[in-house]
Structure formats: C-alpha cells, structure tokens
Amino acid sequence: MSGSYAPLLILLGVSVANAIGMVVVSHILNPRRPTPQKDMPYESGMIPLGDTRARFSVKFYMVAISFIVFDLEAVFLIPWAVEMRELGWSAFAAVSMFVVVLAVGLLYEWKKGGLEWD
Amino acid sequence: MTMHLDFSSQGHYLIALLPELVLSVCAMVVLMAGVSKRMRNSPDRVTDLGWLSLLGILVAALANGWLYGVTEVGSSAMVAVDGFRLYANWIFLSAAGMSVLVSIAYVDKQKLQAGEFYGLLLLSTVGMMFMASARDLIVIFLGLEIMSIAVYAMTAMNRRDRKSAEAGLKYFLLGAFSTGFFLYGIALTYGAAGSTNIAAIAVAIGDGSAHTGLLGFGVALLAIGFAFKVSAVPFHMWTPDVYEGAPTPVTAFMSAGVKTAAFVAFLRVFFVAFDGVYAQWWAIIWWLAVLSMVGANLIALVQVSVKRMLAYSGIAHAGYLLLAIVSNNGTATAGLLFYLLVYTFMNIGAFAIVMTVGDQAERNQRIDDYAGLGSRQPMLGVFMTIFLLSLAGFPGTGGFMGKIFLLQGAMDANLVYLSTILVLTTVLSYWYYLRVAWFMWMREAPDADTHVGLAVPVALRLALIVGVAVILYTGIFPGSALELARAAAESLTSGRFLSLSAR
C-alpha cells in the first residue's frame, strides 16, 4: 500500500529540491551590481504607486464571485458529460437539479442587478 | 401502509429528504419573490415574505410528520430516517417558525432585505436538518457549511450597523477556523477507520481495525470543531460579540437553531461512532462541560447588557447540555432532545422581548432599561418573567423538567460531580436571570413615558403566546414531549446496537 504513494513522495522531493535549488544556485552564481533600478520591486515593470491597500469597487468582487460559481459548474458538468451514457438517467436527474438551482441563482443575480456594470 | 426505504435507488433519497427539499424550494421561491418587481414596490413585502416562509415551514413540518410512517431498511445510507432526526427536525422547524414570526416587524423597521433574510433563514434551517439526518461525516460537514454560511450572512445583514458587520466578520473568521479543525478531524478519522460512515466507523473501532493513535487525534479535533459550534468554554470567545452585534432576530434564531444542530450532530457522532473509545474522550467533554457551566455563569453575573447576558446564558446552557454527551446513554439523549426543544422556545421568546423593549431596533438593551417594564407593560413583563424563570430552571417550567431529565441521565452514568456542579451553577444563575425580573417589577421607570408606547406586533405576540404555552405545557405535562424524545433516543440506541452486532 505504501508503495503506491512512493511516486508522489519522489515528485514532492524533486519539486522541493528544484525550487530551493533555483534560489540557492542563482544566489551563489549571480554577480551583484546593485543599481537603483535593480533594487525596485519590479525591475523592468511598473513604478510602484502608493500602498497595496487600495479600495476596489465592489463590482469586481461580484464578477469574481459569479465567475467562481460558473467555473465550478463546469468542473462538475464536464466529468458528467464525459461519462453521461454510462451514468444513466439518475445522474441526468441529479445534474439537472444542480443546474436548475444554479439557474435560480443566476436569475436572482440578474433581477437584483448584479450583472449590470453601472 | 408503511413505506420501506432501502436506498437501493436514488429516488429513495428524494423521499427521505422530503422536508429538506420542501424547505429548499420554498427558500428559492422566497428569494425570487423578494426581487420580483411587484414585491419590491409593495409596502407589505416583509409581511408577505414572512408568511410565505412560514407556509413553507408548515409544509416541511407536514412532510416531517409523514416521514414517521416511513421505515428504513439497514443503516448504510448517507441519511437516516429515524426518530432522532425527525425529533430534531421539529426543533429546527420550531426555531425557524418562531424566528420568522418575531422578525417580521424588525426586518421591516430596519429595512433589511426581506427576500434574502427569509431565504437565508430557510436555507440555514435546511443545513441544520442535514446535520441531524447525517449518517456520514461528509453530510454533517455539508450541513454544517450550509447552515453556517447562511448564518454568517444573516449576522452581517444590517449594513447600516457597524456592530453587525463586525459580528459577521468575527463569526465568519472564527467559524471558518473551526471548520478547519472539524474537517481535519474528519480526515484523520477517515484515515484511522477507513470510512466516513458513522456506523462503519463504529464497526471499525469495535473490531479493533481502526488505528488508535490517528483516531484519538481525529476524535479530539472533531470535539474541538463541535465545541466551537455549541460555544463551549474555552471555544466560546466569539459568542458574546456575535450574539450582541447580530440583529436580534438573527441572534434568537442562531442561539436556538445552530446550537441544536451542533448538539444533535455532536451526539450522533460521539454516541454512535465513537462509543467504542468512550474511555478516551469522556474526560475532554467532562472538562468542557465544567468550564462552560462555571465560567459562563460567573461572567454572566456581571453583565450589564441583557443581550450579552443571554449570550453567556447560552454558553452556560451548552455546558448543561454537554452533560448529555458525557453521560453517553439513552436517558441523557432523551433529556438533551427535550431540553433543546424547550430551550428553543424560551430563548427565542426572551430575545423577542429584548426586540420589543428596544422598539424593533438595537436600543434599550441595558438591564436598567428594563426598570418599570412590569408596571407599564404587564403582559410583556409576565412573559419575560416566564422565559427567564424557565431559562433559570424554575419548577413548573419546561426548563426545570429539562434539567431534571439531563440530571437523570447523568446519574445513570454515575456523573456525581458533574451533576452537583450543574445544580450549584443553576442556583448561581438565578441571580442574573432574576435580576432582570427584579428590575422589571421592583424598580420604577425613570420617566413618565418609558415603555408606554411600545408596539407589540401581531406576529410577535403570536410567537410569545406559543412560546409561553409550550414552556408551561412541557413544564407541567412533560409526558408527551418526553415520550417522543425517548422514542427518538431509542432509535439512536438501537442503531448503535445494530452497528455493534455487525462486528
């Protein structure tokens, strides 16, 4: 039984070693010539403006939440769709109930104005 | 003709879960009705949605009663159709129904979003019912989450009140934290016993195939998870703040419903699944019970806010009820169910009075504010006194009979110290319950117009009358409710023997 987990452990070991190795090796090998540009958080990216605790409009959260719901719907629906014929009608009924509940949720969100940006 | 369910086809689940299905559909209808154009412009929308929810609760209650005629075959399904679950469902439906009745005026006056409020209330009731019906740790977990997430949102429902938002956030963070403990406990138990089915865990423990060390950790973590939800000391820190900050109808609902759900699931898991390792866990629960009874009663003595005092009273009651878990016998189980039923009515009743004295807002919650209530509003004074006496456990009230039955169970299990502590702390609790009554009846109101214009809405009045009637009836004639509770406990004990005989 423990043998079947051995590949997982090896994978874990390799990825940990890889991650630590990259940091350590680049630390050892890299030549250090600090300039103001190189000391910035994003060397060739944006110039940081203010702190990260900026206030976002709640609309972004609404979109994010709706996305998660329907993303997860896809996660549940695809495995069912792949095995649809084998699973038969009872699985179809279960999935239909799931979709109906989500549809009610979507309808609620629509009526409440959650899908409008302004 | 009795119907037999063996869960061989999935259709059987639809029958077994009929009350839950009815309530879920009703919740969705209420939610959608709340955003419909007609309802949004109607001045009576809160009342209409409230009565619609109540209708759903009544239909679910009918379905629950109908399930008594259904017998299940075997105990390998994920949901149980036994007396224990059906009795717990009565408590949840009572809590939901009473909360709807007492909340209508408050929701209207505070301009809370009625569709969401009642929709969430019903959904959280569904979660509670799932917890009571679960024969599988995963189903308990799902029920716990359905219940908790709805209650988190309800706690933060009053957007204009900073305290409500604070309470919601606190409850959410600590609740999520405790869920982590709970889930880890499930994982370790699964690792030790090889199944999440409660009966299968009992069998694995019975025949010695369960890994002892892993199981010990699993049991301990599950105990912590449940202790958070029933708010036992030292896992009670969230309770006073959340109970105080939440809108009062929500406090009423969760103090009764969430506690009941957590206790029935606690009992089923520890009584059925972990009976074989009783020697390992009884001391944990014993200490939780002692700390809750002593600690909460002492802190309640010095509270100035009635709402906060009732929160500590809830923690103290968790301590009393933990006695039933430690007792681990049928008598105590029946006592627990009986007590939870009475507790639902007396606690929601007391919070309904808090709401009325505050004029359907979060005001006048200090004990001094109750001065003169008895002479100005005699009916409210009498009702509050009955609720307080019942919470304190005075003879003639349901609260007294409940404590007697809990003590009976504890004495059957030879828990002499714990029973003594229960009696002593109960005597201690008389002080803070009766202090409110003393202020109501013995103190003069400070102004001529205090308590004079208090409105007592019809629905709330109905809830108060039902609450007092149930408390007095169960206090004087405890027989019928107790018989039902005994039958419910019997169904659990026979389930235990069923799983033991399968060794």
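Which residues of helix 11 of chain B are buried?

The model is predicted: local features need pLDDT of at least 70, side-chain atom pairs count only at pLDDT 80 or more, and totals for chains, interfaces and linings use all residues. Residues are numbered from 1 along each chain as its sequence is written, and chains are lettered from A and ligands numbered from 1 in the order in which they are written.

**Exercise 1. Answer the opening question and state what covers helix 11 of chain B.**

Step 1. A residue is buried if 20 or more other C-beta atoms, placed from the backbone, lie within 10 Å of its own, exposed if 12 or fewer do, and partly exposed in between. Helices are DSSP runs (H or I, at least four residues) numbered from the N terminus.

Step 2. The buried residues are Trp238(B), Thr239(B), Pro240(B), Val242(B), Tyr243(B), Glu244(B) and Gly245(B).

Step 3. These are seven of the eight residues of helix 11 (residues 238-245), so the helix is largely enclosed by the rest of the structure.

Step 4. The cover includes helix 7, helix 8, helix 12 and helix 14 (306-327) of chain B. Contact here requires C-beta atoms, placed from the backbone, within 7 Å.

**Exercise 2. Decide whether helix 1 of chain A is enclosed or in the open, and check its length.**

Step 1. None of the 24 residues of helix 1 of chain A is buried, so the helix lies largely in the open.

Step 2. The expected span is 1.5 Å times one less than the number of residues.

**Exercise 3. Classify the packing of helix 7 with helix 8 of chain B.**

Step 1. Axes are lines fitted to C-alpha atoms, for helices over the stretch in contact, and angles between N-to-C directions run from 0 to 180 degrees. Helix 7 (residues 137-155) and helix 8 of chain B pack at about 175°, with axes 9 Å apart.

Step 2. The two helices are therefore roughly antiparallel, a class for angles over 145 degrees.

Step 3. The contact residues divide into 10 nonpolar, six polar and no charged. Here Ala, Val, Leu, Ile, Met, Phe, Trp, Tyr, Cys and Pro count as nonpolar, Asp, Glu, Lys and Arg as charged, and the others, Gly among them, as polar.

Step 4. Just after helix 8 of chain B, Gly194(B) has a positive phi of about 80°.

**Exercise 4. Repeat the classification for helix 12 and helix 15 of chain B.**

Step 1. Helix 12 (residues 248-273) and helix 15 (residues 330-357) of chain B pack at about 170°, with axes 8 Å apart.

Step 2. This pair is therefore also roughly antiparallel.

Step 3. The residues of the contact comprise 14 nonpolar, seven polar and no charged.

**Exercise 5. Find the residues that touch the most other members of the largest nonpolar core.**

Step 1. A nonpolar core is a set of buried Ala, Val, Leu, Ile, Met, Phe, Trp, Tyr and Cys residues joined through C-beta atoms within 7 Å.

Step 2. Among the 196 residues of the largest core, the answer is Met131(B) and Leu323(B). Helix 15 of chain B gives the largest share, 20 residues.

Notes. Parallel < 35°, antiparallel > 145°, perpendicular 65-115°, else oblique. Contact = placed C-beta atoms within 7 Å.
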